Amino acid sequence: MILISIQPFDYKKIFALVATMICLSSVSGFAQSLLLSVPSTPYDRQMTRIQPVLFSKIAPHSNSNISLAVVNHWMQNLRGIPYGFSAEWKTPAEVETGSAADCKGKAVALYQRMHASGANNVRLVIGKRSWMSRKTHAWLEWTTEGASYVLDPTWNWAACRAEKVGSHAYIPFYAYAGAKKYRAASSSTLYAKN
């Protein structure tokens, strides 16, 4: 008679899997994004329609201390526009007069309102809304004296403080601020290069 012991789990493999998962989850916390200035991005050709908005000067007569309540009101107005994908970037005028707009159009319209009101340190960002997203997304990042905010009028009714967003959401790839272009690089990438 032969006895066979059936052991359903190999404890060494389970331990290795758990250790790997813990390591991978801690790496994302260290990978805060940094923006590196670049001469071009893969999106430059698409951006030609909205270059006048991106290159617009900040209104000199306006107050650079825009109230968060005003920004939230603008976001609510844009959030109220039904979502409709467009292959090309819509101008703010097209967003305002159209029946639908996507994340790109809504972000550009908010960017224009912010600049026209004198907001400094506003960036149009292209990236992923979450690490599980299959498609790219567009939103704004706004840094004030008191805090940094993620402004996403496609999904959110109000500004979100950047530190409350988490490391698995709003993952930037590229950013535009006026005539400046940026590529996002994680701090772990920079560490590896050095």
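## Basis

A residue is called buried under 20% relative accessible area, exposed over 50% and partly exposed in between (1.4 Å probe, protein chains only). Helices (H or I, at least four residues) and strands (E, at least two) are DSSP runs numbered from the N terminus.

The model is predicted: local features need pLDDT of at least 70, side-chain atom pairs count only at pLDDT 80 or more, and totals for chains, interfaces and linings use all residues. Residues are numbered from 1 along each chain as its sequence is written, and side-chain values use heavy atoms, leaving out hydrogens and water.

## Overall composition

The protein has seven helices and seven strands. Of its 194 residues, 39% are buried.

## Helix 3

Within helix 3, the buried residues are Val 71, Asn 72, Trp 74, Met 75 and Leu 78. Viewed down the helix axis, they fall within an arc of 160° (taken from the directions from the axis to the C-beta atoms), so they line one face of the helix. These buried residues pack against helix 4 (92-97), helix 5 (103-116), strand 3 (137-143) and strand 4 (148-151).

## Lys 90

Lys 90 is located in the loop between helix 3 and helix 4. Leaving aside neighbours within four places in sequence, Lys 90 is in contact (heavy atoms within 4.5 Å) with residues including Arg 49, Ile 50, Val 95 and Val 108.

Lys 90 is buried yet lacks a salt bridge, defined as a side-chain nitrogen of Lys or Arg within 4 Å of a carboxyl oxygen of Asp or Glu.

Note on methods:
Lys, Arg positive; Asp, Glu negative; His and termini not counted.
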